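Reader: Take me through the terms used for this structure. I want each label set against its definition.

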Amino acid sequence: MLRRVFLTGSGGIVGRHALRALEALAPDAEVLRNTADLTNPGEISQAIEEAGPIDLVVHLAAMVPVKSVQANPGAAFAVNAGGTINLLAALDGSAARMLLCSSSHVYASKETPLRETDATEPVSLYGKTKLMSEQAAQQICAVTGRSLCIARLFSIHDPDQTGSYLRPTLEQRFATHAPETPFELYGARSRRDFLPASDAARLITKLALSNAEGPVNVASGHAMTVADFAQSIAPFPLNIRPVGQNDTLEADVTRLRAILGERYD
């Protein structure tokens, strides 16, 4: 019986939705929100010790914004890979299952839907930090016998997002753009599997509560172009002018559906 859940990244968009999803899907579980610095081994070890017995760890915390990762790659690796290692080291002696939230950016662009068995060849610095996190978690959990599920999250969006993510960046541009003028959009013909953050959190939570192990794509399974996504949230018709290169990160969600069955919807 699931009694206690240790959650990292509860302050982020997905984390806030995950709190609500846990409340709905595991109402009897006690959720412990991590406030320790994951890059500080002593601090996270103390947090785990003070938490007491844990049945499930849902690890969502990560440095994600492209500008932040590029500006400070050392910090990105320290948080995304080092933080995962520190957390697992602190859990030594606990049998808690782990759900690690990773990213579609561990894959390279591919014209056909990506499967979990496809090669992991990240081209972005962020993707490289998440792949290192995955690899470390897989090796540590294999040696310690810990159950590990890796949720590879595709493109999420949320009305409350801020910063350099795609949706808030577009919405900021809409606010000052003259509708009759061309709207330049980098990678307009790129295809992405966009998923509301609330739906993503619900699927991740369901995976965490299942017995699934290994990588699982978390997405809608219905890709669309960046141009179509921009138009879907724009307050007026866009005269889109594509610029830059295009790529495709579209998910095959066969495994996700097989694991969750009717719970996928």
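Reader: What makes β8 and β11 paired strands?
Author: Strand β8 (residues 191-192) and β11 are joined by two bridges and run antiparallel. Pairing requires that DSSP finds at least two bridges between two strands, so β8 and β11 count as paired. Thr225 in β11 is the bridge partner of Arg191. The model is predicted: local features need pLDDT of at least 70, side-chain atom pairs count only at pLDDT 80 or more, and totals for chains, interfaces and linings use all residues. Residues are numbered from 1 along each chain as its sequence is written, and side-chain values use heavy atoms, without hydrogens and water.

Reader: Why do β11 and β13 stand at the edges?
Author: The open sheet has three strands in the order β11-β8-β13, with mixed pairing. β11 (224-225) and β13 (248-249) each have a single partner strand, so one side of each has no neighbour in the sheet.

Reader: What makes β10 mostly covered?
Author: Four of the five residues of β10 (residues 214-218) are buried, meaning under 20% relative accessible area (1.4 Å probe, protein chains only). Strand β5 (residues 148-153) pairs with β10 in the parallel sense over five bridges. Gly214 in β10 is the bridge partner of Cys149.

Reader: Why are α1 and α7 called oblique?
Author: Helix α1 (residues 13-25) and helix α7 (residues 197-209) pack at about 55°, their axes 8 Å apart. Under 35 degrees is roughly parallel, over 145 roughly antiparallel, 65 to 115 roughly perpendicular, and the rest oblique. The two helices are therefore oblique to each other.

Terms used: Axes are lines fitted to C-alpha atoms, for helices over the stretch in contact, and angles run from 0 to 180 degrees between N-to-C directions. Buried means under 20% relative accessible area, exposed over 50%, partly exposed in between (1.4 Å probe, protein chains only).
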